[in-house]
Amino acid sequence: QNLISPTHEAALSAVAKFTKSFTRNPVECVGHRVVHGGSQFTKTCLVDSSTLRSLYSLSSLAPLHNPHNVAGIRAARDHFPSAHQVAVFDTAFHSTIPDYAHTYPLPAELAAKYRRYGFHGTSHKYVLGQAAKFLQKDNLNAI
């Protein structure tokens, strides 16, 4: 089904209606890809009101993405109130990079204010997992 929707609310309304058309079971969990978790969100987490406020406060780190991620989560909470809302962060995959890799080559007072984050971590994690499976390796350290 094609869906052109002007808002997250309208889109989730259509998804809720579509879901109810083929199952009587309630949606138990909704997963959300969130672009930027900053230094605060380094793992997948359940989203509650406090988490949602924190995510919105990180909007300046990804202004074209995070506000829309938050709007989608809010709409999903409205349409699937009994479902767990789970956030997966693109930046989480790269959260363990060493200091020398996330520090910009700037004077110390500036470098302390800025941090390099990696992006597209959910894709990198998937591709790395597929490569490990293909190579039949349990632990793959790839660059």
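**Group meeting: a walk through the model**

Okay, let's start with His-32, which sits in strand S1, residues 29-34. Before I go on, keep in mind that this is a predicted model. So, is His-32 buried or exposed? With a relative accessibility of 12%, His-32 counts as buried, because the cut-off for that is under 20%. And what does His-32 touch, if we skip residues up to four places away in sequence? There's one group made of Gly-72, Ile-73 and Ala-76, and then a run with Gln-85, Val-86, Ala-87 and Val-88.

Now hold on to Ile-73 and Ala-87, as both turn up again in the largest nonpolar core. That core has twelve residues in all. Besides those two, you'll find Val-34, Phe-41, Cys-45, Val-47, Leu-52, Leu-55, Leu-58, Val-70, Phe-89 and Ala-92. Which elements give two or more residues to this core? They are helix H2 (49-57), H3 and strand S3 (84-89). Pick out Val-47 if you want to see some of the links: leaving out residues up to four places away in sequence, Val-47 touches Leu-52, Ile-73 and Ala-87, plus Gln-85 and Val-86. There's another core apart from the largest one, with seven residues, including Leu-12, Val-30, Ala-76 and Phe-80.

Staying with helix H2 for a second, that's where Thr-51 is found. Thr-51 is buried as well, since its relative accessible area is 10%. Again skipping residues up to four places away in sequence, Thr-51 touches Phe-41, Cys-45 and Leu-46.

Next, the helix pair. H1 covers residues 8-22 and H3 covers residues 66-79, and they pack with their axes 9 Å apart, at an angle of about 40 degrees. That angle is why we call H1 oblique to H3. Their crossing is right-handed. On the H1 side, the contact uses His-8, Glu-9, Leu-12, Ser-13 and Ala-16. H3 brings His-68, Ala-71, Gly-72, Ala-75, Ala-76, Asp-78 and His-79. What kinds of residues are these? Five are nonpolar, five polar and two charged.

Let's finish on one of those H1 residues, Glu-9. Its relative accessibility is 37%, so Glu-9 counts as partly exposed. Setting aside neighbours within four places in sequence, Glu-9 is in contact with Ala-75, Asp-78 and His-79. And how far is Glu-9 from Ser-50 in space? C-alpha to C-alpha, they're 21 Å apart, and in sequence they're separated by 41 residues.

Terms used:
Residues numbered from 1 in each chain as written. Predicted model: local features only at pLDDT ≥ 70, side-chain atom pairs only at ≥ 80, totals over all residues. Heavy atoms only, no water. Axes fitted to C-alpha atoms, helices over the stretch in contact; angles between N-to-C directions. Helix = DSSP H or I, 4+ residues; strand = E, 2+ residues; numbered from the N terminus. Parallel < 35°, antiparallel > 145°, perpendicular 65-115°, else oblique. Left-handed = near helix turned anticlockwise from the far one by under 90°. Contact = heavy atoms within 4.5 Å. Nonpolar A, V, L, I, M, F, W, Y, C, P; charged D, E, K, R; others polar. Core = buried A, V, L, I, M, F, W, Y, C linked by side-chain atoms within 4.5 Å. Buried < 20%, exposed > 50% of the residue type's maximum accessible area, 1.4 Å probe, protein only.
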